Amino acid sequence: MRRLLLSLALVTGALAATPATATAQAVAATACSLAPTGGTVTRSFFPTSTRSYNLRVPAGLTGSAPLLLSLHGLGSAPFFQEQATGWSQTADAKKFIVAYPAGDLNWNLAVGSPDVGFLRDVVDQIAAEHCVDRSRVYVEGGSLGSWMSQRAACDAAGTFAAAAGFMGGSPNTFGGCGPSRPIAVALFHGESDPLIPIAEGRRTRDEWVARNKCSPVPVTEPVADGTAQTYGGCAAGVAVSWRSYQGLGHAYPTGAAGEDFRERAWSFLSAHRLP
C-alpha cells in the first residue's frame, strides 16, 4: 500500500508539473533574438524558393525593433541598394532592423503581385527569428523599387505601417491602388531626373493626397535646395510627405542631401504604426 501511494504521488506530481513545463517550452520556442548579425548577411528561402534578401540587425537593440525593407531599382541588387541608400548606417544609429529584398532583376508591379507576397514572407521570416515590432514595419524603395514600395502600400496596408519612395511614379500606371486603409506615404524626387520627370513625381504625390483624403494645402518648410511639404488633415491621422532636391537626377542623394533624405524618411516612417 505504501509503495502504491508513493507511485500515485509521483504520477500526480508529474501531471501537475506538465502544464508549467509545457508553458516554459512554448515560451522558449517562441522567444525572439536580439543578437546582431555582425554586419549585413544574406538569408534565403531555400529549398522552398530561390528568393533571398540581405539582412542587417544592429547591435544594441532592446525590446521589439522596427523593421524597414528597402527595395532596389530595375536591374540592381540588394548590395547596391544598401550602398546607394546608406540605410545600414542609419539602422545602426537609430536601432532598427533593415532588410534588402532581392527582386528578380525586375519587380512585378501589378495589382495582386506575387512580389507583395514575397515581401510579406520576408517580414514573416525575419520576425520568426528576431524581435520585430509588427506594428512598425515599413517599406521604402528607389526607382522601380519606389513603384514596388507603393504597390506594397496599396496591397499590403495590413503589413506595412507606412511607405516611402524615391524617384518613382504612380501605382495607377500598373492597375490602380486601393489600400485597405489610409496609409502614410513619403515621396522624394530629383528635380533634374531625366528618366522619371519631376512632373510624374508630383502627380503621384497628388494622387496619394487625394487617396488619403488629405488637405490639398500643404505645410511648406523652407529649404535651400528644393521643396519640402507635408500634407496633413488626412483620414485616420496619416500624412503625405513630399521632398524634391534641386539639381538631383535619377539617383539617391549623397552627402548632406543623403543625410537629409534618410533623416526625413525615417522620422516620417517611424512616426506611424499599424492601427
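**Exercise 1.** Classify Glu 221 and Arg 264 by relative accessible area, and describe the salt bridge between them.

*Solution.* Step 1: Glu 221 has a relative accessible area of 37%, and Arg 264 has 22%. Step 2: buried means under 20%, exposed over 50%, and partly exposed in between (1.4 Å probe, protein chains only). Therefore Glu 221 is partly exposed, and Arg 264 is partly exposed too. Step 3: their side chains meet in a salt bridge at 3.0 Å, N to O. The term requires a side-chain nitrogen of Lys or Arg within 4 Å of a carboxyl oxygen of Asp or Glu. Step 4: Glu 221 belongs to strand β8 (residues 219–221) and Arg 264 to helix α7, so the pair ties together parts 43 residues apart in sequence. Helices (H or I, at least four residues) and strands (E, at least two) are DSSP runs, numbered from the N terminus.

The model is predicted: local features need pLDDT of at least 70, side-chain atom pairs count only at pLDDT 80 or more, and totals for chains, interfaces and linings use all residues. Residues are numbered from 1 along each chain as its sequence is written, and side-chain values use heavy atoms, leaving out hydrogens and water.

**Exercise 2.** Describe the salt bridge of Arg 243 with Asp 225, and name the network.

*Solution.* Step 1: the closest N and O atoms of Arg 243 and Asp 225 are 2.7 Å apart. Step 2: Arg 243 is buried at 3% relative accessible area, whereas Asp 225 is partly exposed at 26%. Step 3: salt bridges with shared partners join Glu 221, Asp 225, Arg 243, Asp 260 and Arg 264 into one network.
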